[in-house]
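Subject: Structure for you to look at

Hello,

Here is the structure I said I would pass on. Please open it first, then read the notes below with it on your screen.

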Amino acid sequence: MTLLQLEKVSRRYPIGNPVFGLRSFLTAVDQVSLEVRKGETTGVVGESGCGKSTTGRLALGLEQADSGHVLFEDKQLAAADTREWRAKRQRMQLVYQDTLAALDRRMTIGDLIAEPLVIHDIGDRASRQQRVLDLLYAVGLSEHHRALYPHQLSGGQRQRVVLARALAPSPSLLVCDEPVSALDVSVQAQIVNLLVDLQQELGLGILFISHDLRVVRHVSDRIVVMYLGQVVEHGRADTVIDQPMHPYTQALVSAMPKLPGGFDHYLPLPGEPPSPTERPSGCPFHPRCHLAKDICRQTQPELLPLGPERRVSCHLVSNP
Amino acid sequence: MNPMLNAFQTNSANAALFTSHDVAAPRKRPILTVNDLTVSFSGVPVLHGVDLTVDKGEAIGIVGESGCGKSVTWRAVLGLLPKSAEVKGEARLDGFNLAGASQSKLEQVRGGRIAMIFQDPASALNPVHRIGAQITEALRLHRGLTSASARAEARRLLDQVGIPDATSRLNAYPHELSGGQNQRVMIAIALAGEPELLVADEPTTALDATVQAQILLLLKTIQRDTGMGLVMISHDLAAVAAICDRVCVMYAGRIVEAAPTHTLLNAPQHPYTRDLIGAIPPSDGPRVRLTAIPGAPPHGGLPPGCAYAPRCQSADAACAMTGPDMRTISARHVVRCLRVADGTRQ
């Protein structure tokens, strides 16, 4: 069942100074379509500035799309800060990287986890206490953490609290924006395993946004690869990473050192991702693409289906 | 180019670029030998005795989680720790002990014989000076080059680190360059003193995936071409293993295992090394459950026995009592684990 659907969603921001007539637009997200199904994870991967975080904010209604539709549980997502949106927000929660910023340092862990229950008016005092306790155990913490403050916990424990807080109002969708990037490898594995377990137990749909291809491959059922605000490849996790078709995905996969093996299959990719303010004409990837032809410089390729559940946006893949 | 550097090149001329099967390779002269290095901050020990050597032309990796002492080790060697740090032990560079040496002595070594680059190039570079000036400053300090010759050498260095259009780039300010290009400039400045050893502390952590690969391979290429030693400090075992000949794994202020990369990845002996490898999601093959190491590394005081015992799945009563010594199990493969020493592990 489709939980969240983005249909050709775009978001652009004005930049420059309108007084001097220098107003122009930065397109952060350009015609992005993706879906998250119940009990499944859709991974969004790309380098900085590719629009993956903005996509997550659009999915939650924290940003308004300039065009396109965001459908959550088959209904168009209402505008932020409206009564309808607030009611829906109970069902969709955000987990992100900076746990110290996410948790009010003057509140105890117990109060922090109970806060969403209070806001959404769920249960009475006694049942909230019980729910907090259940959530603490569910994320691998214990009762004695309830009275502590965020700074008394380690980074991994704080991420567990953020997760417990997100799960408190029984959401159906989690948007995780770089949830493990600030953590050490061993703690990262703890949180990734916890996320996978909770998903199986609760049937959550997860939109998992990360720059880390290894982690995204590990948790995702479907993967969306973004470059300069556009989806360049979309498909089942194993096929996208194991048999990438878009030249960018191929380069991204080859830049991930194998263990063991290192850069045995490295495909050199020149340059760095350009700033979204300097979007090239045609295919956004063509200045770095070793296969680029005239058509790539002139016409923007469309995201075309290529096999089951596979879409690739490349002239050379669709018309070899 | 100075004669010493030429000699280095000849030595490493036949070394294959990206192979790490140096198990049978003869040992070269060590450049730097660290013996029983300990560091404490205001009486709290953070480094509990580190021993290691870096051979001429060798690339070694230092891997561990935050707080394990991987950066502190190298900052202590180069005298970059704050005054509150108490450093004991020795770090010998050709018989000269760097640990606890005076700043004036250290300044003859830093940037010249040993150079260091850091994670965040944007804060390491001076934002109000052109990058050409910052490179020629290093050339003047360490090699006495001035005016035209310095500028020509700066241009050559920018070429070497892969910055296109070096001549015009010399006039750029750091903010005009991207993160990856700034890191290349940092590498150029580090190379300006023709160092025998380059210490890179998390050099690619702040960079995007595709740029990270470019910088890692650039470091490896330069290390091979100039024959300098390379120390790569990182939390990312995969990145370190990709370019280093040998890897040291640190835990709670000690090296717990050190071995040639190939051996470490294929036959890790210390439980922490195994768990660390198991915690990294594989880049291909079937998706298996990750090894989640329970708990967190010790903070401040160490447990009485092995520091890893409280989190170790194979620890027994003895591990909680006795701190293990470093054992040599094969050529260049050392492990600090009781269970390995008494032969219960293969």
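Start with B:Glu202, which is buried because its relative accessible area is 9%, under the 20% cut-off. Please keep in mind that this is a predicted model. B:Glu202 sits in the loop between strand E7 (197-201) and helix H9 (209-226) of chain B. Its phi is near 45 degrees, a positive value in a residue other than glycine. Most residues other than glycine have a negative phi, and most peptide bonds are trans.

Two other places go with this one. B:Asp36 also has a positive phi, of about 45 degrees, and is not a glycine. B:Asp36 belongs to strand E1 (residues 30-41) of chain B. Is B:Asp36 buried, exposed or partly exposed? With a relative accessibility of 46%, B:Asp36 counts as partly exposed, because that value falls between the 20% and 50% cut-offs. In chain A, the peptide bond from A:Leu259 to A:Pro260 is cis, and its omega is near -5 degrees. A:Pro260 is in the loop between helix H10 (247-254) and helix H11 (294-298) of chain A.

Next, the contact between the chains. Chain A contributes 37 residues to it and chain B contributes 41 residues. The two chains bury about 3300 Å² between them, and 56% of this is on carbon and sulfur atoms.

A:Asp197 forms a salt bridge with B:Arg289, and their closest N and O atoms are 2.8 Å apart. Across the interface, 21 residue pairs are in polar contact. On the side of chain A that touches chain B, helix H7 (185-202), helix H8 (213-219) and helix H9 (237-242) of chain A each supply at least two residues. H7(A) gives the most, with 9 residues. By class, this side of chain A has 19 nonpolar, 9 polar and 9 charged residues.

H7 of chain A comes up again with helix H12 (residues 271-279) of chain B. The buried residues of H12(B) are B:Pro271, B:Tyr272, B:Thr273, B:Asp275, B:Leu276 and B:Ala279. They pack against H7 of chain A, and also against strand E3 (59-63), strand E9 (246-251), strand E10 (254-260) and helix H11 (261-266) of chain B.

Strand E9 of chain B holds B:Arg246. Is B:Arg246 buried or exposed? B:Arg246 is buried, because its relative accessible area of 7% is under 20%. Leaving aside neighbours within four places in sequence, its contacts include B:Glu58, B:Ile60, B:Pro260 and B:Arg332.

Last, the nonpolar cores. The largest has 133 residues, and those that touch the most other members are A:Leu174, B:Ile135, B:Leu158, B:Val161, B:Val185 and B:Ile187. Not counting residues up to four places away in sequence, B:Val185 touches B:Leu125, B:Ile131, B:Ile135, B:Leu158, B:Ile163 and B:Leu177. Another core, of 36 residues, lies apart from it, and B:Ile31, B:Val72, B:Ile114 and B:Val231 are among its members. In soluble globular proteins, nonpolar side chains tend to be buried together.

Regards

How values were computed
Residues are numbered from 1 along each chain as its sequence is written. Chains are lettered from A and ligands numbered from 1 in the order in which they are written. This is a predicted model: local features need pLDDT of at least 70, side-chain atom pairs count only at pLDDT 80 or more; totals for chains, interfaces and linings use all residues. Side-chain values use heavy atoms; hydrogens and water are left out. A nonpolar core is a set of buried Ala, Val, Leu, Ile, Met, Phe, Trp, Tyr and Cys residues joined through side-chain atoms within 4.5 Å. Buried means under 20% relative accessible area, exposed over 50%, partly exposed in between (1.4 Å probe, protein chains only). Contact means heavy atoms within 4.5 Å. Buried area is the accessible area (1.4 Å probe) that two parts lose on being put together, summed over both. A salt bridge is a side-chain nitrogen of Lys or Arg within 4 Å of a carboxyl oxygen of Asp or Glu. A polar contact is a pair of N or O atoms within 3.5 Å; within protein, one must be able to donate a hydrogen and the other to accept it, and residues adjacent in sequence count only if both atoms are side-chain atoms. Helices (H or I, at least four residues) and strands (E, at least two) are DSSP runs, numbered from the N terminus. Ala, Val, Leu, Ile, Met, Phe, Trp, Tyr, Cys and Pro count as nonpolar, Asp, Glu, Lys and Arg as charged, and the others, Gly among them, as polar.
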